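Subject: Structure handover

Hello,

Please find the structure below. My notes on what was found in it follow.

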Amino acid sequence: MCATCGCSSDGKHEHHDHGEHGHHRHDHDGHSHGHTHGSTETRRIRLEHEVLAKNDALARENRAWLAGRKVKALNLLGSPGAGKTTLLEASIRALRGRLPVSVLEGDQETEHDAARIRATGARAIQINTGTVCHLDAHVVGHALEELDPPSGSLVVVENVGNLVCPALFDVGEHAKVVVLSVTEGDDKPLKYPHVFRASQVLVVSKVDLLPHVPFDLQQCVANALAVNPALKVFAVSATTGQGLDHFCAWLLQPPGNDAA
């Protein structure tokens, strides 16, 4: 998690063109002169629990805020290059006229992905995290207020590309959706089990490339279900549209009637 992964202890989340919302800080000091390794380890574990407890409290506030507006929120997770933004672009276009969608884009640098989302006609706020490897409930809460999503809409938080730390931080979402592309390997659910265990939905993306890569779709799904038997699984190509209608049908379900 963040307290041990080495991400910045004073990383600043910046919302492009929308001002800045404070500092997100973690005390990563894992060493103290005159203390044994055991006491250092105890301090580290205690700090990790404190960080997550504080984040969870803020996440509950975010969830209540969203519920008050009847807004469904998803936390979109996956490796860099898994196809998260492309999936969002295709889904937003497919849902046009049926469900308003707005997006919080998390990346370490640049506003490229937010610009791609805005090109679909959807609202998007870019959150740049610098050297911090995930979004948390604090920064998402501020961004939600700024985003001001309409009642009955969908908000998607596209998290920083990473299969580890983002899975540990609840941001107030109704469900976590993990995206795994066929170019990554069908053993990913076994190598990174926590993100698949924490998620409610798995999207296997870029399935149009299956004839060209050594990826066993059935084995991947079996591996994922071995980690989390409750996962909903969608095999999707955002490029050709294969499977997109099934995923969008799930997106259209109101909070409480889906996998969350």
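His134 has 0% relative accessibility, so it counts as buried (under 20% relative accessible area; exposed is over 50% and partly exposed is in between, with a 1.4 Å probe and protein chains only). It lies in the loop between β4 (123-128) and α5. Helices (H or I, at least four residues) and strands (E, at least two) are DSSP runs, numbered from the N terminus. The C-alpha atoms of His134 and Cys165 are 6.1 Å from each other, with the two residues 31 apart along the chain.

Two points on the basis of these notes. The model is predicted, so local features need pLDDT of at least 70 and side-chain atom pairs count only at pLDDT 80 or more, while totals for chains, interfaces and linings use all residues. Residues are numbered from 1 along each chain as its sequence is written, and side-chain values use heavy atoms, with hydrogens and water left out.

Strand β5

All 5 of the 5 residues of β5 (residues 154-158) are buried, so the strand is largely enclosed by the rest of the structure. Leu154, Val156 and Glu158 are buried on one side, and Val155 and Val157 are buried on the other. Strands pair if DSSP finds at least two bridges between them. β2 (residues 72-78) runs parallel to β5 and is joined to it by 5 bridges; β3 (residues 101-107) is also parallel to β5, again with 5 bridges. Val156 in β5 has Leu74 opposite it, and Val103 also stands opposite Val156.

Cavities

On a 1 Å grid over the protein atoms alone, a cavity is a set of points where a 1.4 Å probe fits but cannot get out; a pocket is an open set with protein on both sides within 12 Å along at least five of seven lines, and lining residues have an atom within 4 Å of a point. Grid points are joined across faces, edges and corners, and a volume is the space filled by probe spheres set on the points.

There are 2 cavities of 30 Å³ or more. The largest cavity holds about 90 Å³. It is lined by 13 residues, and those closest to its centre are Leu74, Leu88, Val156, Phe247 and Leu251. β2, α3, β5 and α9 each give two or more residues to this lining, and α3 gives the most, with 5 residues. By class the lining has 12 nonpolar residues, 1 polar and no charged. Here Ala, Val, Leu, Ile, Met, Phe, Trp, Tyr, Cys and Pro count as nonpolar, Asp, Glu, Lys and Arg as charged, and the others, Gly among them, as polar.

The second largest cavity has a volume of about 40 Å³. Its lining includes Val140, Leu144, Val155 and Val157. The elements giving two or more residues to it are α2 (37-68), α5 and β5. This lining divides into 7 nonpolar, 2 polar and 1 charged. In α5 (residues 137-147), the buried residues include Val140 and Leu144.

Second largest pocket

The volume of the second largest pocket is about 190 Å³. It is lined by 16 residues, of which Pro80, Gly81, Lys84, Asp113 and Glu158 are the closest to its centre. α3 (84-95), β3 and α4 (112-118) each give two or more residues, and the largest share, 3 residues, comes from α3. The lining has 3 nonpolar, 8 polar and 5 charged residues.

Thr85 is in helix α3 and counts as buried because its relative accessibility is 6%. Beyond its neighbours within four places in sequence, Thr85 is in contact (heavy atoms within 4.5 Å) with Glu105, Asp113, Arg116, Ile117 and Glu158.

Nonpolar cores

A nonpolar core is a set of buried Ala, Val, Leu, Ile, Met, Phe, Trp, Tyr and Cys residues joined through side-chain atoms within 4.5 Å. The largest has 29 residues, and Val177, Val203, Phe247 and Trp250 have the most contacts inside it. Among the elements that give two or more residues to this core are β2, β5, β6 (175-181), β7 (201-205) and α9 (244-251). Apart from this core lies another, of 16 residues, which include Leu202, Val207, Phe215 and Val227. Not counting residues up to four places away in sequence, Phe247 touches Leu87, Ser91, Val177, Val203, Phe234 and Val236.

Regards
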